[in-house]
Amino acid sequence: MKRKNKYWLLAISCGLLAITFFSCKKKEYTRIFYGYDYFPNKVGHFIIYECDSIVHLGSGYGNFDFKFQIKEVIDSMYNNNQGQPTQRIVRYKRTDTLTPWSTIILPEKVWTATFLSNMAIRQEDNFQYIKLVFPPSLNETWNGNGLNTLQASNYQYTALNSPYYLTTAVTHRNIHFDSTATVSETKDSSFLNYGYYFEQY
């Protein structure tokens, strides 16, 4: 009789152990990629753009090719009229690498940007544009002019987390970015004109 009780006790103990084992199994969570790093938000951060502007003057008149650099610096942060932290972006321009970054392009070219949990907004020449939406999703579309009075403009993520290799036009340097996002923008579409733009972050 005593041996039987021992077996029952052993069976009950094993059962409790099995219940404890299965109830303590770790849950697996899917980590959401918010893509916030695509839109820097720290004072002092800067980006230098190498620009190539070609002007076509028509048959017999030739073309003009202008190469220059634009530097954008997050100069400071302040709260806008809605209490949202906002970047003050100062923009500089130069036509060669020997000229110091000392001249602002124009006073009105001091732009701003607001970083929200679901979107990144830039104000350029008094127009607000929704540059990115968070979290990003491939082929996701939105109206980049949703916060201004301009005609609707379809923005779309066409690439995410993609490596990108760049050879700069002015300094001829090879730069590698391990993870970029590409946003395409369609503007000014008509029978005579088709405007297509894209930005990479």
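User: In this predicted model, is Lys131 buried or exposed?
Analyst: Local features here need pLDDT of at least 70 and side-chain atom pairs pLDDT 80 or more, while totals for chains, interfaces and linings use all residues. Residues are numbered from 1 along each chain as its sequence is written, and side-chain values use heavy atoms, leaving out hydrogens and water. Buried means under 20% relative accessible area, exposed over 50% and partly exposed in between, with a 1.4 Å probe and protein chains only. Because the relative accessible area of Lys131 is 4%, Lys131 is buried.

User: Which residue forms a salt bridge with Lys131, with the closest N and O atoms 3.0 Å apart?
Analyst: A salt bridge is a side-chain nitrogen of Lys or Arg within 4 Å of a carboxyl oxygen of Asp or Glu. The pair links distant parts of the chain, 68 residues apart, with Lys131 in strand 6 and its partner in strand 10 (residues 195–200), strands being DSSP runs of E with at least two residues, numbered from the N terminus. The partner counts as partly exposed at 25% relative accessibility, and this residue is Glu199.

Key. Helix = DSSP H or I, 4+ residues; strand = E, 2+ residues; numbered from the N terminus.
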